[in-house]
Amino acid sequence: MTATDTKYDILGIGNAITDILAKVDPAFLEKQNLTPGSMTLVDADRAHALEAALTPEQVMGGGSVANSCVVAAQFGARVAYLGKVARDTAGQKFVQDLRDNGVEFPSQPLNTQTFENLPTARCIVMITPDGQRTMATYLGACSCFTPEDVLPDIITASRIVYLEGYLFDPPHAQEAFRHAAAIAHANGRQVALSLSDPFCVGRHRDAFLDLVKGHVDILFANEDEICALYETESFDEAARKTAHDTTFAALTRSALGSVVVHDGAFTQVSPVPTQVVDTTGAGDAYAAGFMAGLTSGRSLPECGRLASVAASEIISHYGARPLSNLWEEMGF
């Protein structure tokens with residue numbers, strides 16, 4: 001996959017969120033009625049209550065596709081990002097963090113004359129001793145992303161437009177996704193989608209299936225997400241259905257590595273062993289490494305290797321942004 005007429009290799013579209021990371025024990029999740037490993041949408045009062053009950057380990061820029069954009073930029077990809085933030089300190093920090101990491105951010109902040117004065121979104125990431133993360137997300141300004149926030153000139157200037165499944169929850173997002181995909185395909189660009197979360201898939205299964213079958217060129221999902229999409233407990237069955245519905249997919253399986261589906265053929269990719277500290281952002285990093293490899297003309301096994309190295313680095317520490325140089329991790 002090569003191109004010379006684009007400004008960006010990857011354009012991410014997703015929820016612009018600040019992450020608040022904290023260690024918890026399983027009893028805390030049970031007490032708070034949170035399903036381990038899931039993402040739950042909460043209102044402002046619930047978010048404040050959870051924050052008050054925790055001791056944060058880190059506060060940093062987050063958002064699934066924003067994390068992918070940062071990792072892809074570290075791999076040398078030319079990256080931009082569209083998302084909605086408020087005109088507040090958290091929004092300013094989110095935007096500056098992206099730009100400091102080499103990601104362009106052409107989106108305008110929330111217009112408070114059109115929407116109520118919502119703050120920039122935040123995600124409370126609760127990490128249990130086994131490294132699993134459970135998330136409670138207050139969408140805030142993210143819920144105001146509309147088709148008007150899809151910038152046609154940025155879409156046409158991007159080789160891959162990468163859509164975040166989590167963004168499907170706000171009311172206007174599905175329309176915005178289809179609008180972005182239509183612009184991309186009309187200009188010969190590719191559209192990628194992350195399913196993001198099995199519970200998110202469950203909330204919007206029919207809409208996701210429609211996207212996968214008719215609007216998406218590259219699908220990213222983990223084992224739970226792809227099984228949720230096809231309502232099966234068998235990964236092999238879900239993978240076969242994926243191969244039928246789309247020409248290109250990368251399906252991750254944690255310690256079992258990943259499977260790349262391309263034109264009906266299956267390529268196994270081995271994981272990169274590491275000590276698991278926090279699984280937050282593993283799938284984001286995997287997608288970033290894969291797309292960075294794809295847009296630089298690498299083979300599918302090489303793309304899978306880049307993806308696995310990126311995911312391995314991310315889960316070896318707290319937070320969803322790299323702490324080490326990923327090219328050095330590759331041995332380059």
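Student: Which helices and strands do the buried residues of α10 pack against?

Tutor: They pack against helices α8 (205–214) and α9 (223–229), and against strands β11 (218–222), β12 (248–252), β13 (258–262) and β14 (265–269). Packing is judged by contact, meaning heavy atoms within 4.5 Å. Helices (H or I, at least four residues) and strands (E, at least two) are DSSP runs, numbered from the N terminus. The model is predicted: local features need pLDDT of at least 70 and side-chain atom pairs pLDDT 80 or more, while totals for chains, interfaces and linings use all residues. Residues are numbered from 1 along each chain as its sequence is written, and side-chain values use heavy atoms, without hydrogens and water.

Student: Which residues of α10 are buried, and what puts them on the same side?

Tutor: In α10 (residues 235–245), the buried residues are Phe 235, Ala 238, Ala 239, Thr 242 and Asp 245. Their arc around the axis, taken from the directions to the C-beta atoms, is only 125 degrees, so they lie on the same side of α10. Arg 240 and His 244, on the other side, are exposed.

Student: How do you know whether α11 and α12 are roughly parallel or roughly antiparallel?

Tutor: The axes of α11 (residues 282–295) and α12 (residues 300–315) cross at roughly 150 degrees and come within 7 Å. Angles under 35 degrees count as roughly parallel, over 145 as roughly antiparallel, 65 to 115 as roughly perpendicular and the rest as oblique. The two helices are therefore roughly antiparallel. Among the residues making the contact are Tyr 286 and Phe 290 of α11, and Leu 306 and Ile 314 of α12.

Student: What makes β3 and β4 edge strands?

Tutor: Five strands form an open sheet with mixed pairing, in the order β3-β8-β7-β2-β4. β3 (39–41) and β4 (56–62) each have a single partner strand, so one side of each lacks a neighbour in the sheet. Two strands pair if DSSP finds at least two bridges between them.

Student: How many bridges join β2 to β7?

Tutor: Seven bridges join β2 (residues 17–23) to β7 (residues 121–127), and these strands run parallel. With at least two bridges required, β2 and β7 count as paired. Ala 22 has Met 126 as its bridge partner in β7.

Definitions and conventions:
Buried means under 20% relative accessible area, exposed over 50%, partly exposed in between (1.4 Å probe, protein chains only). Axes are lines fitted to C-alpha atoms, for helices over the stretch in contact, and angles run from 0 to 180 degrees between N-to-C directions.
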